[in-house]
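Please look through the sequence and the 3D structure below, and then read the briefing that follows.

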Amino acid sequence: DQHFMAMWGTESTSGSSFAFKDLTKPKSGWISVDTSFKNDYDLIDNIGNMLLMRTNANAPKWQLVMIDPAKPQPENWKKIIPESSDLLESVSLCNGKIAAKFLHDVTSKLSVYDLDGKVVKDVSVPPLGVVGFSSDRKDSVAFYSFTNYTTPTTIYKYSIGSNTSEVFFKPKVDFNSDNYESKQVFYPSKDGTKIPMIITYKKGITLDGNNPCFLYGYGGFDVSITPSFITNSVAFLENGGVYAVANMRGGGEYGEAWHKAGTLCNKQNVFDDFIAAAEYLIKEKYTSSQKLAVHGRSNGGLLIGAVMTQRPDLMKVALPGVGVLDMLRYHKFTIGYGWGTDYGYSDNKEQFECLVKYSPLHNVKETEYPATMIMTGDHDDRVVPAHSFKFSATVQEKNKGTNPVLIRIDQKAGHGAGKPTTKQIEEWSDIWSFVFYNLGMELGKKEVVAQK
């Protein structure tokens with residue numbers, strides 16, 4: 001309603017400053033709420049003269065507070081939704097109520113509150129998936145999306161008055177979701193921490209250790225890797241593949257404490273979490289080391305580079321995509337200096353000692369490596385292709401086995417965002433061809449019915 005103007009400032013990938021200005025008072029200046037860059041602020045709306053704010057200040061799993069512009073200091077905030085055991089992911093207003101979305105063990109919970117923070121109702125959503133909720137403060141009808149690893153993104157129309165939902169739009173996808181299922185497990189990492197992982201496969205699968213498996217991970221920058229339908233994985237699932245996603249520390253799945261447990265000199269925790277995921281899949285006979293492919297992109301490319309240099313025996317196929325692979329010099333190129341909050345810098349002696357121990361480029365040894373396809377884009381200005389060039393050359397030089405070590409350089413392409421569909425199809429065709437061939441998979445043929 002043009003009552004307030006808000007301003008954020010950032011100096012890295014997390015944490016911001018926050019200030020606001022009351023536009024109803026022509027001579028008012030900016031009022032700073034936080035200049036530390038240690039916390040994050042999500043301004044939901046103003047309720048009359050008050051600011052409704054979602055923040056992780058003094059609340060690693062986030063809280064919803066009301067801020068009085070006359071007394072904006074944290075000690076004066078009114079808690080509307082206090083921090084809980086679940087991550088408060090997003091908040092929106094709907095028909096004078098608060099719709100709050102929580103992340104509970106990597107899946108969505110949706111509840112409606114009044115403006116005083118009293119729970120009015122819980123919204124029933126499908127299981128083992130995530131919701132994207134959108135509403136307007138004046139409307140009694142809202143819309144939300146739902147997706148998981150077996151369900152293409154479906155839009156629901158929600159009536160806040162009756163607390164009922166109905167399908168508004170469902171895409172037509174050549175995939176029979178009823179033939180597949182997902183299961184969430186919690187496995188112990190090296191230090192005993194329980195790590196969630198969602199495993200998706202065709203119903204009736206035999207756990208005999210012979211199934212091809214594709215394990216994906218990210219584990220960094222406070223990013224939550226939540227369930228979503230991935231069209232490029234369909235062919236793998238249809239041909240008997242097991243698709244697994246581990247939610248390691250370093251991500252945002254359980255708030256800031258989970259994130260910090262995988263940063264700086266705690267970064268090895270992330271690699272340990274991923275290694276433990278692979279060992280769990282092998283132990284429980286979902287797959288074997290000779291049937292396992294691992295993949296990650298960007299920070300996830302670092303993950304795969306670190307894991308394949310630490311445990312080259314663990315997997316048959318490694319796919320580091322657009323990865324940060326030279327941890328001693330990453331901050332010297334383009335935007336790399338902005339990642340120091342997660343990685344640290346080699347200019348710092350203590351942080352150097354941590355970085356050099358896991359930096360993929362500096363830990364390549366003479367041994368047998370898995371079949372490896374390193375991927376980059378020749379115009380990647382986020383993670384410059386030099387990372388992949390140096391890493392591929394070094395692994396090729398020191399590989400003592402017979403598995404191929406290739407580099408795939410996408411031309412006229414960058415880090416991945418905005419990549420046209422044609423290039424995505426080409427890239428995933430190459431990825432799945434590499435995976436199918438090296439895991440000994442045969443591509444099944446779908447029955448085609450001719451129409452007159």
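**Strands, a helix and a disulfide**

Glycine 321 stands opposite methionine 375 in β22, where strands are DSSP runs of E with at least two residues and helices are runs of H or I with at least four, both numbered from the N terminus. This is a predicted model, in which local features need pLDDT of at least 70, side-chain atom pairs count only at pLDDT 80 or more, and totals for chains, interfaces and linings use all residues. Residues are numbered from 1 along each chain as its sequence is written, and side-chain values use heavy atoms, with hydrogens and water left out.

**The sheet**
- Strand β21 (residues 317-321) runs parallel to strand β22 (residues 371-377), and 3 bridges join them; two strands pair if DSSP finds at least two bridges between them.
- The open sheet has 8 strands with mixed pairing, in the order β16-β17-β19-β18-β20-β21-β22-β23.
- Because β16 (180-188) and β23 (405-410) stand at the edges with a single partner strand each, one side of each is left without a neighbour in the sheet.

**The disulfide**
- The whole structure holds 1 disulfide, a term for a pair of cysteine sulfur atoms within 2.5 Å.
- Cysteine 265 and cysteine 354 form this link, with their sulfur atoms 1.9 Å apart.
- Cysteine 265 lies in the loop between α2 (256-260) and α3 (268-283), whereas cysteine 354 lies in helix α6 (residues 349-358), so the pair ties together parts that are 89 residues apart in sequence.

**Accessibility**
- Cysteine 213 is buried at 0% relative accessibility, and cysteine 265 is partly exposed at 36%; buried means under 20% relative accessible area, exposed over 50%, and partly exposed in between (1.4 Å probe, protein chains only).
- Glutamate 442, found in the segment after α8, is exposed with a relative accessible area of 70%.
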